[in-house]
Amino acid sequence: MSGVVGARRADARGWGPLLRGLLLRLAGAVFVLWAAATLTFFGLRLIPGDPAQALLGGPGSQASAEALAQVRAENGLDQPLILQYLAQLGRLATGDLGTSYAQKNSVLSIIGSQIGGTLLLAVLALAVAWLIALGLALWATRGGRIAAAVGSGLEIVAAAVPHFWLALVLVLIFSTTLRWLPAVSTSGPAGLVLPVLTLAIPLAGFLGQVIRESVLDALAAPFTLSARARGETENGIRWRHVLRHGALPGIALSGWAFGWLISGAVVVETVFARPGLGRTLLNAVQLRDVPLVVGVVLVVALGYVLVTVLTDGASRLADPRERAA
Amino acid sequence: MPLRHRSSLLVLAAATTASALLLAGCTADGAGTSGGGSAPSTPVAGGTLTYATGFGEPTCLDPHVGGNMPQALLGTNVLESLFSQDAEGAIVPWLATGATPSADGLSWDVALRDDVSFTDGTPFDAAAVAANVAHMKDPATESSTAILALGKVTSVEVVDPTTARFVLTEPDSALLESLAQTWLAMESPAGLARGMEANCEDPIGTGPFVVDSWTKQDNVTLSRNDSYNSSPAGAAHEGPAYLSTIVWRFIPDPATRFAALQSGQVDVIDEMQPDNVVTAQDAAASGGQLGVLTGALPGASIRLELNSGYAPFDDERVRKAFIASADVNPGIESLFFGTVDRSYSVLSSSTPFGASFEDDYAIDTDRANQLLDEAGWTGRDSEGYRTKDGARLTVDFPISTNQSIPAEQSLFEQIQATTKDVGFDVELHPLDLSSWYASLAAWDFGVTSAIYTKNSPDVLRILYDSANIIPAPSGYHPNHSHVSIPELDALLTTAGETNDQAERADAYQKAQKILADGAYVLPLYDHLQKIGYSTRVQGLSLLPTLQLPYLADSWVQQ
């Protein structure tokens, strides 16, 4: 059905290039993880604040010299920073994320208990953002000049609103005034609605803008003309041809969106009092809980790498040109 | 022999008289406790109360470890102390029945109740008190607050099962006040023996509730202790609590916390913002479903500490010029909507022996200008700030965004604006908690605002004794103002050692006068505990010791 011009070449070169591509990708992923861990480690240690205090009940602790010396020695905090960094890197290389200074619990188990909530939030927000963006793009490209202007205006406003502001406005409308939805997270699905909307609406604004652009491009493309000439209905054109094109930049953007959603989760989880990685990260940074911060950042970076691979795969499915490459 | 000891003990003066009045006197709506309105007031047993705190989630529920406000808040309903305080701050018995000092003040015999057990069945006795003090003083416990409060205590001897003897290195008039704090609460020795990890998850006390479960970043669930028999003096009823369950939620954002209260998702919230207090009070006045309970946290008032150890505030004239130009009253009125009163005392209004010196804090810009001229800050740069030898009159002001609510941060901006009129360049630095403590530790500030909650005027010794300029090993030095005056040290030592109340009062009065005259501190207002509640909740009150919500008398109208 594709209107793409150009022959699809069979890959006759065997597994070599594929393997090389895979290795390159793996090396890239390792580099991303190393860079994330390194930047986080030094970033956290170069700003003011003493991680030893996280070990002793938080900032402003009046711990004794003995207690401080003991925790510094136990955790290698009395070593030069570069040695601490290498030691941490060595532990990370063996898959050991270490123990949280403040929570005295393994970083892996803390992340394990918090990651579910954040992933659920991110996946639902991404799905809802796609629904809103596609709906808006299809409507705005169909309804003439006014609909296009309104659609584009909505997208810009949605993309521009800060999470914390949107969260509070939604709470004011749906919890305080209408009393339809809970203001803070609950065990049931009702508590998810406002956090998901808070994350999804700005994202839908971004996605909508790029999708609408490429839908317009596709509508003007020759293959659309030929499809029309074949007698395809307007709906058929949109669903079978245009959407595929329109979705491509959106899919590419979804990899970026994942990282963006995690940073949004810091705000949303705090405002809606939801357990999750974002809130864990915020608390850990405030306490200078180095192992926990590095652990969360690594897990998020790993997620980012995986999502990028997935979005590449999805692009290939949607775009036959990439399958040949 | 227990009887002999008990008969020889001084039974504390306030012990019997204060009881019924205790929990009153800490409310803003004048009803004594919540739900004083039209609702029927027959207690209902059973039910769940959801409490949403903005103070944060402890990393460990055992308040011996570290020792901060979130731990004390939750601990108040699980753990109990040897002593309690009445609304005037006087010591009353709780798990102890009385206490008497030795003639030299170097030991205190504390008589204990013989009919109380911890919720794991371990009996509460002198051995338990000794085990608790040993636990708090053990460096491995990583205590910060309790170990400091027990600084003069060397150990506790078990005289007999109901008499614990506190052995001191020097007399300590604040000992019983220290022991009244939740950070020094009594926990089951068997519970402590489980080790830090288990005890942090589930500290075992004698209180009206026990910790059931803790879902991190979400809630702690408490359930009723059915064999509870140690209500504090002033409690509305004896015996087990009415509520069967308390869900203790952590909701960091003040706006959502209030929205959750308004929409009925939670029953009680703390750390209300001033505008929400007004909204709730307006709603209550028009027959709405919300109420507000307030109490001044004991200890120091919220105040600006001027760093007198370093330029420019090492010059008393510059400090006086700052205080004479920092016009805070209009800001307090407009930003706090009348929810707080201006304080002219370094001590909170709920702490005994506070002294106000309003005249020392009068606004007088002419005098401020004159003082700065005298101090040699005679130049003016292009932006209108005063200069001396080419250096600008800059005052760095690190602000803890964890401790200072938005209204307070706005007040600091107004101080920045009014002191600019006489040529001060106040630079506000909003910082997270770790960075803020780091800048304090480095003396890298001209002025700052720090909270210190303690149920005793002895907080003055912690904050202004020259010994506390020397930082703790962590870098923390409570004497942020860098006050070093031998006469003040002597007064604070006397006040801290004497058990003669008149002598104590006199010494504290003189000490506060020295602080006011030397312009080391600018008091702003009391640190208010602001509790919002749904009128479904009845019998809510604040336990006076630290002005923390006490829920054993509460019930929820179904």
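# A guided tour of chains A and B

Begin at Cys60(B), which is buried at 4% relative accessibility (buried means under 20% relative accessible area, exposed over 50% and partly exposed in between, with a 1.4 Å probe and protein chains only). The model is predicted: local features need pLDDT of at least 70 and side-chain atom pairs count only at pLDDT 80 or more, whereas totals for chains, interfaces and linings use all residues. Residues are numbered from 1 along each chain as its sequence is written, chains are lettered from A and ligands numbered from 1 in the order in which they are written, and side-chain values use heavy atoms, with hydrogens and water left out.

## The disulfide of chain B

A disulfide joins Cys60(B) to Cys200(B), with 2.1 Å from S to S; a disulfide here is a pair of cysteine sulfur atoms within 2.5 Å. The two cysteines belong to distant parts of the chain, 140 residues apart: Cys60(B) is in the loop between strand 1 (48–53) and helix 2 (69–75) of chain B, and Cys200(B) is in helix 7 (residues 196–201) of chain B. Helices (H or I, at least four residues) and strands (E, at least two) are DSSP runs, numbered from the N terminus. The link is left-handed, with -85° about the S-S bond. Cys200(B) is also buried, with a relative accessible area of 10%. Over all chains, the structure holds one disulfide.

Next select residues 316–325 of chain B, which form helix 10. How many of its 10 residues are buried? Seven are, and the helix is mostly covered. The buried residues are Val318(B), Arg319(B), Ala321(B), Phe322(B), Ile323(B), Ala324(B) and Ser325(B). Their packing partners in chain B include strand 13 (302–306), helix 12 (365–374), helix 13 (406–420) and strand 20 (521–525).

Step back to Pro312(B), in the loop between strand 13 and helix 10 of chain B. The peptide bond from Ala311(B) to Pro312(B) is cis, with omega near 0°. Most peptide bonds are trans, and most residues other than glycine have a negative phi.

Now select Phe353(B), in the loop between helix 11 (329–335) and helix 12 of chain B. Phi of this residue, which is not glycine, is positive, near 70°. Phe353(B) is partly exposed at 23% relative accessibility.

The residue Arg342(B) is in the loop between helix 11 and helix 12 of chain B. Is Arg342(B) buried or exposed? At 17% relative accessibility, Arg342(B) counts as buried. Beyond its neighbours within four places in sequence, Arg342(B) is in contact (heavy atoms within 4.5 Å) with Val328(B), Asn329(B), Ile332(B), Tyr361(B), Leu522(B), Pro523(B) and Leu524(B).

Arg504(B) sits in helix 17 (residues 501–517) of chain B and is buried at 3% relative accessibility.

Finish chain B at Gln547(B), in the loop between strand 23 (541–543) and strand 24 (548–550). Its phi is near 55°, again a positive value in a residue other than glycine. Gln547(B) is buried, at 6% relative accessibility.

## A helix pair in chain A

Move to chain A and select helix 7 (residues 163–177) and helix 8 (residues 190–219). Their axes come within 9 Å and cross at roughly 135°. Axes are lines fitted to C-alpha atoms, for helices over the stretch in contact, and angles run from 0 to 180 degrees between N-to-C directions. Helix 7 and helix 8 of chain A are therefore oblique to each other; angles under 35 degrees count as roughly parallel, over 145 as roughly antiparallel, 65 to 115 as roughly perpendicular and the rest as oblique. Among the residues in the contact are Leu166(A), Leu170(A) and Phe174(A) of helix 7 of chain A and Leu194(A), Leu197(A) and Ile201(A) of helix 8 of chain A.

## Arg72(A)

The last stop is Arg72(A), in helix 3 (residues 65–74) of chain A. Arg72(A) is partly exposed at 25% relative accessibility. Not counting residues up to four places away in sequence, Arg72(A) touches Asp50(A), Ala52(A), Leu77(A) and Asp78(A). Gly278(A) is 206 residues from Arg72(A) in sequence and 28 Å away in space, C-alpha to C-alpha.
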